[in-house]
Protein chains: 2
Amino acid sequence: MVLKMRRRSGCPVSISLERFGDRWSLLIIRDLMVRGYTTFKQFKESGEGIATNVLTARLKRLVAEGLVETERDARDGRRLHYRLTEKGIALAPVMLELLLWASRYEETAAPCELMEQMAAHREHVLVEVTRRWKERDPEPFLRPFKEKVKSGRREKKRSGCG
Amino acid sequence: MVLKMRRRSGCPVSISLERFGDRWSLLIIRDLMVRGYTTFKQFKESGEGIATNVLTARLKRLVAEGLVETERDARDGRRLHYRLTEKGIALAPVMLELLLWASRYEETAAPCELMEQMAAHREHVLVEVTRRWKERDPEPFLRPFKEKVKSGRREKKRSGCG
């Protein structure tokens with residue numbers, strides 16, 4: 001099977017990175033997990049500019065690795081929807097900690113007040129994200145953060161929320 | 001500066017992945033964070049088989065991004081030691097959740113009993129890992145997990161600890 005790779009070691013962190021440690025897979029998981037996206041078109045237009053062939057390959061690998069599954073559209077059998085598996089939604093704590101870390105230490109588009117609330121209520125966030133997945137609640141938990149409008153060149157590097 | 005990349009979006013998860021979302025950077029962070037490794041040689045021999053030129057490039061990027069800093073050896077000024085910055089050690093929750101996720105859903109070399117203890121005492125783990133960093137305690141928090149000896153071909157895919 002082409003998608004199988006020889007493991008570098010038995011270390012769980014190493015194995016995690018073999019599963020989704022590239023620049024795109026975790027963004028697809030993010031789109032499925034908190035944005036409510038389910039279709040190829042939505043992932044493609046998600047804002048980071050993934051190439052079509054790369055998206056196809058990443059989705060194929062995520063399915064092969066048991067993180068994502070496909071379902072036929074109930075009304076239009078030719079349309080495919082993607083959905084996280086239980087193994088996939090179990091990455092919610094990793095995703096949350098990544099989100100909080102970057103919003104604290106990097107200049108991001110995430111509103112600091114929201115980040116502080118999420119940091120103070122991690123358990124609640126994880127319960128709610130998991131509930132929406134389980135109940136197939138289509139309401140996105142987070143919408144894409146709006147970029148601040150930049151007028152010309154940035155004056156100085158802004159730091160994170162921390 | 002060669003190391004700067006144009007950001008794909010303001011999403012914190014996307015920005016995280018630009019920082020260390022490759023197959024090697026997070027393993028170097030792991031070595032620094034829990035194995036007590038501080039030198040190029042130790043990272044090189046860490047078990048996953050990273051190429052020398054790739055390791056050099058990754059370390060350079062981690063330093064440029066403020067996750068890792070270098071220090072001269074107190075006794076031998078030609079020797080360099082690497083150390084996580086505050087921004088780097090703040091990735092401990094991400095690392096812990098990755099470790100727990102993989103040990104639960106993948107076949108890894110991590111002992112299940114230890115993983116269960118760590119999952120039950122996340123806060124304690126994070127406090128202790130951060131304390132060792134702060135106090136420059138050289139005692140590794142975790143040593144590399146021993147691979148189970150495999151006699152010939154694997155009989156069947158073993159699942160994780162979950």
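Start by selecting both chains: 39 residues of chain B are in contact with 39 residues of chain A, where contact means that C-beta atoms, placed from the backbone, lie within 7 Å. What you have open is a predicted model, in which local features need pLDDT of at least 70, side-chain atom pairs count only at pLDDT 80 or more, and totals for chains, interfaces and linings use all residues. Residues are numbered from 1 along each chain as its sequence is written, while chains are lettered from A and ligands numbered from 1 in the order in which they are written.

**Stop 1: the side of chain B that touches chain A**

Colour α1 (12-20), α2 (25-34) and α6 (92-105) of chain B, the elements that give two or more residues to the side touching chain A. Helices here are DSSP runs of H or I with at least four residues, strands are runs of E with at least two, and both are numbered from the N terminus. Which element gives the largest share of this side? It is α6(B), with 10 residues.

Now colour the side of chain B that touches chain A by class: 21 residues are nonpolar, nine polar and nine charged. Nonpolar covers Ala, Val, Leu, Ile, Met, Phe, Trp, Tyr, Cys and Pro; charged covers Asp, Glu, Lys and Arg; the others, Gly among them, count as polar.

**Stop 2: the two copies**

**Stop 3: a helix crossing between chains**

Show helix α1 (residues 12-20) of chain A together with α6(B). Their axes come within 8 Å and cross at roughly 85°. That makes α1(A) roughly perpendicular to α6(B), a label for angles of 65 to 115 degrees; under 35 counts as roughly parallel, over 145 as roughly antiparallel, and the rest as oblique. Axes are lines fitted to C-alpha atoms, for helices over the stretch in contact, with angles running from 0 to 180 degrees between N-to-C directions.

From α1(A) they are Pro12(A), Val13(A), Ile15(A) and Ser16(A); from α6(B) they are Met95(B), Leu98(B), Leu99(B), Trp101(B), Ala102(B) and Ser103(B). By class, the contact has eight nonpolar, two polar and no charged residues.

**Stop 4: Glu106(B)**

Move along to Glu106(B), in the loop between α6 and α7 (112-120) of chain B. Is Glu106(B) buried or exposed? With 24 C-beta neighbours inside 10 Å, Glu106(B) counts as buried. The cut-offs are 20 or more other C-beta atoms within 10 Å for buried, 12 or fewer for exposed, and in between for partly exposed, with C-beta atoms placed from the backbone. Leaving aside neighbours within four places in sequence, Glu106(B) is in contact with Pro12(A), Ile15(A) and Gly160(B).

**Stop 5**

Select Arg19(B) in helix α1 of chain B. Arg19(B) is buried, with 22 C-beta neighbours inside 10 Å. Not counting residues up to four places away in sequence, Arg19(B) touches Glu65(B) and Leu67(B). Draw a C-alpha distance from Arg19(B) to Leu67(B): they are 48 residues apart along the chain and separated by 8.8 Å.

Then find Gly162(B), in the segment after α8 (122-134) of chain B. Gly162(B) has 15 other C-beta atoms within 10 Å and is partly exposed. Beyond four places in sequence, Gly162(B) touches Arg104(B) and Tyr105(B).

**Stop 6: chain A and its last helix**

Of its 162 residues, 36% are buried.

Zoom in on helix α8 (residues 122-134) of chain A, whose 13 residues reach 18 Å from first C-alpha to last, close to the 18 Å expected at 1.5 Å a residue. The expected span is 1.5 Å times one less than the number of residues.

Finish at Arg136(A), in the segment after α8 of chain A. Most residues other than glycine have a negative phi. Arg136(A) has a positive phi of about 55° although it is not a glycine. With 8 C-beta neighbours inside 10 Å, Arg136(A) is exposed.

Key. Two residues are in contact if their C-beta atoms, placed from the backbone, lie within 7 Å.
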